[in-house]
Amino acid sequence: MAPITRSSVHGRQSQVSQQRSFLQVEFTEPNGQMDNHGAFEESQVPDEDQEMDDQDEEASVHEGGTNQNRFPFIPANMMDSTAVETQSEANMLIDTLGAPSPFRSSAQEMLRPLQDTADRVSRQVEEFAKALDRFVSNRQPTDNSLWDDAMVLLEKYSKIADIRKSKTPAQEPVEELEKIQLESDLWILVRNLLYCESPLSLNDAQIAQESRLGGLHRYSSNVELWTAFLDSDAVAQEYETILAWLQERAAATSPPIEDCTRSLSEKSERGDGIWSAGPIFTQTAIKQQKRTRVWSIPLEPSNPGLDRTHVRKVDQKPLVAQLDPDAPTRESAVLQEQDEFHDQAAWQTYWEMLRRGYTNSQIQSWFAERKEVWRYATLCGCGPHAEQMVNSPWLRILNFASNSEWFERCEALAQNPLIQDQFQKATYGVLCGDVGASRSASRSIDDNLFSILNSLLIRRYRNYLQAYRKRLTDTAATEYRPLPPSTAEIQQYVTLAQSNPTTRDESYQPHKLMELAIVSKDFDDFFVNIGRAAASVAHTTGQGSHLMTRNSDEGTEVAMLNAQDQDSVRMVAHLQLLFRSLGLLQSSYAEHEYELENNIAAYIGLLENWGKWLLIPLYASKLSKKRSHHVLGAILINVTDRRERDLQVKLMKQYNINVSEVTYGIFSLANYSDLQKLRRYKHGPITARLTVLGGSGKLAQHKVRPSLMTGEVTEADEKAVRSVEWIRYVDAENWGAAAWSVAVLYKVFLVEGRFVALRQLLDRVRLSDMSLAALGMNLQFADADPPADNVESEVEELDEAPVTPMSSPTRKRKAANSDHPLTRAGSDRQTLALKSLIWKHLEQLVTAVDALDVFQEAADGLEQHRRNPSALKNYKSALKRALEEVRQAMVPLLDNEFLCQPQDEMEAVVLNDIRNHYIPECILAYNSALWFAGHFASRAWLVECMTLAQVVAETPMLTNAFVESRRMKELVRAFAVDSQALLQATEQGASGGAGGSASRTKKIKTDKGNADIWKVSWKEQTEPLDLEAMD
């Protein structure tokens, strides 16, 4: 695949690769049609639009990359749900105005341009992603098929830009249209330059260097010399490609030549379309002199009195006596002022035609129409006309081979100080390659680049001609070694263009910096500067700041401007990805990987801002593993819908992104400050309280604080809980890290007393649900099936209800593991359950707190409505259910191993503090719940208080928790109150038959008998109970 230029069409095909066509590029579109797309041909916009529409109808659901390397797209309503909802709301708002409303059509018309612009940009973003996804980059840079596909991809990018321009209304600012056109042209320029740098082209050039020169002889034509030169010099091919691109750009974007010379034409006073008369005003003056002198012979400057009468009236300078082109120089005279303007217009026209790449035949036709063929003959008729190159703009260069004197003459004229006209000097400079002279008429950066590259190409060709002439005298000289590239010279001008006042503003225009980087091949500095600027812009504007850290070096000012332009960000990202796949940025990535990846991250930030969530995994997969996990972790925390999360995970798997690492990235980024707090945690008292004293005097009991776990969750806590909802997507290999993450949140929330967040975490991230989703097994029950729910009849008398006594937990603590569960290998049920042990224990602790909170709400409601018989029964039923939940939730907390298997010493400190603080709180609250139930539901619950006292006494972990927290006094006081209540209740039960049938006496029933052992007479004690002595 070769660059499509007029020179390559006419006589440039390499003899080494004769089978490769330069005439057209064929590639198969997804719909199976073949598209012949020339680099500089006019795009067939209607056909391309239909082609894009056909492609979009291929699939409605985004499936990511497939084996066929396709990128099906989903409809817009699935791609951007937020935008669609907003648009739907706007449409609904307009519709509700009703048909008679005079504002309906005007509102739609006002919104339509903005919506159309957004649609065009959105469509372009999606098309770029589709094209990139089809491009298979995981090939070696030496693979020729990779370079061929890269050139097809660049053509696709250019076509997308063309379509966007075709759909842009003409009312849009001219700058916007020019910007889109420049983007399209730049993709083609890169495509053509990549062809010159492809392994196949470089190999062909190497072969040509060793063979083509030896095949030339003294009768070789200029065309043969020119094609042999280009085939042997890859750098010359690049210069010719850039020159052709600059000429095409000038021809397409510059105003007509007549408009450029209009001012001079008006000053020449000839009227419209009058060119054939030549210097008519000077000719009239000459004829006047001849009529006055009655001479039929030509005037001579030496004629007597001519210097006094034959002068220009404006400045009294002598006029030429003859009208041949050399007369002003030879006679040191001038033309009439109008004729000088006409001559300047002719030189400017000729320079414009050279600058726009006009062929010799076009130039000849233009001058022939104006009866000034002599201008063409003197400037272009410098050699034989080869049929193969008759339409090539390089005919002026290749004829140096047979007319070196003409080159020397142009060089002398370009350096002649007597020539004051800038376009005349510039024309000679272009013809001979004199940079200083040719730049005298340059008005833009492209003009200056044209002059520089024209000079470099001529220099390299003359060097080849020297080797050719040496070959004629030395038959052994068959190899050619081209000059080294003049990259430094081009880069020097690029630096100057950004500081020169005449071109500085132009260099700051969108995409111009990219053009200069492409031409000068300064890709490393370009991408690094843009990457640094991207980080600075992100932190200045807040857009994408969560995706990159700020660099101390913010990049250049022009890089900052480009980093703020969304189209430039998109182009930089895609160009960088392409160059990296071709191996052109290896050294830059080795030294500045983070800065370069900022460019990809900046574009991902735009996709996030636009709501293009399904495109993000594609671009994240192009980052390094660590960076992709960070970027996705920072973005996906905002995805809350389960279906959207499922689709994101599916896409990540298709792009070979480690979902488990991304999940950990989501957690670590969302909880960075909490992780730092936990790492710096030191032993100390936890101030958060579950309970408050309820009642007064000796009968005061600890009760759960009102509304302990209800209220509005903070934004930070919501984000923290949301971050661990993603662990449902981890695999068994990474389950240990997932379990650790959830345990970290529990520890932080418990230490800081964030009870509302604990309720959210408990409801949304249960071990049973997450392990089922991720592993297909419920790790809440590692060795047994979940217990069946035992629903008791609510019509049974509450104070006759049997009470299942609390079993006494084991006292003997298990031996410590030689290695911590999180570090164990294996994916069996037991190993995974062991990895989840701390999570399980902390969840059980919070479950108990939650159950106690629910019971307290029921108890408060019962106490409030105790005098309302109609509501009392319902509240008692709710109390019974809540108490049963509390009893079930408290069982794990009474185990001697509860929270006693930390991973390391740091975790041991945290778990000890949590255990020693919350275990006493929960037991005191549980005892209070039993005491309350014994008074309001059934006296049997008072016996349970005594059993609880026995369990605490027999369990070292529980006893130590009270001792370490210095709350043993409160525990003893609470049990003393329980004992007093039990004795009073038993005494009342024993005397309950007085005055009635003893058979109606209600007894406290338990599974092990009744409470008859507590039937003792209560003796009033006049002295206060010495609770201090009981401690």
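Start with H41 and H42, where H41 passes H42 in a left-handed crossing, meaning that the near helix is turned anticlockwise from the far one by less than a right angle (clockwise would be right-handed). Before going further, a word on what you're looking at: this is a predicted model, in which local features need pLDDT of at least 70 and side-chain atom pairs count only at pLDDT 80 or more, while totals for chains, interfaces and linings use all residues. Residues are numbered from 1 along each chain as its sequence is written, and side-chain values use heavy atoms, with hydrogens and water left out.

Helices here are DSSP runs of H or I with at least four residues, numbered from the N terminus. Two packed helices are described by the angle between their axes and the distance between the axes. H41 covers residues 837-864 and H42 covers residues 869-890; their axes come within 8 Å and cross at roughly 165 degrees. The axes are lines fitted to C-alpha atoms over the stretch in contact, and angles run from 0 to 180 degrees between N-to-C directions.

Who does the touching? Contact means heavy atoms within 4.5 Å. Residues making it include Ala848, Phe855 and Leu862 of H41, and Leu872, Tyr875 and Leu879 of H42. By class, this contact has 17 nonpolar, three polar and two charged residues. Here Ala, Val, Leu, Ile, Met, Phe, Trp, Tyr, Cys and Pro count as nonpolar, Asp, Glu, Lys and Arg as charged, and the others, Gly among them, as polar.

Trp351, Leu354 and Arg355 in H16 meet Asp446, Asp447 and Phe450 in H23, a contact of three nonpolar, no polar and three charged residues.

How about the cysteines? The whole structure has zero disulfides, a disulfide being a pair of cysteine sulfur atoms within 2.5 Å. The sulfur of Cys432 is 6.3 Å from the closest cysteine sulfur, in Cys410, so it's too far for a bond. Cys432 is also buried, at 5% relative accessible area (buried is under 20%, exposed over 50%, partly exposed in between, with a 1.4 Å probe and protein chains only).

Finally, find Glu733 in the loop between H36 (715-724) and H37 (735-752). With 69% relative accessibility, Glu733 counts as exposed. Glu733 and Ser827 are 94 residues apart in sequence, and 6.7 Å apart in space, C-alpha to C-alpha.

Definitions and conventions:
Helices (H or I, at least four residues) and strands (E, at least two) are DSSP runs, numbered from the N terminus.
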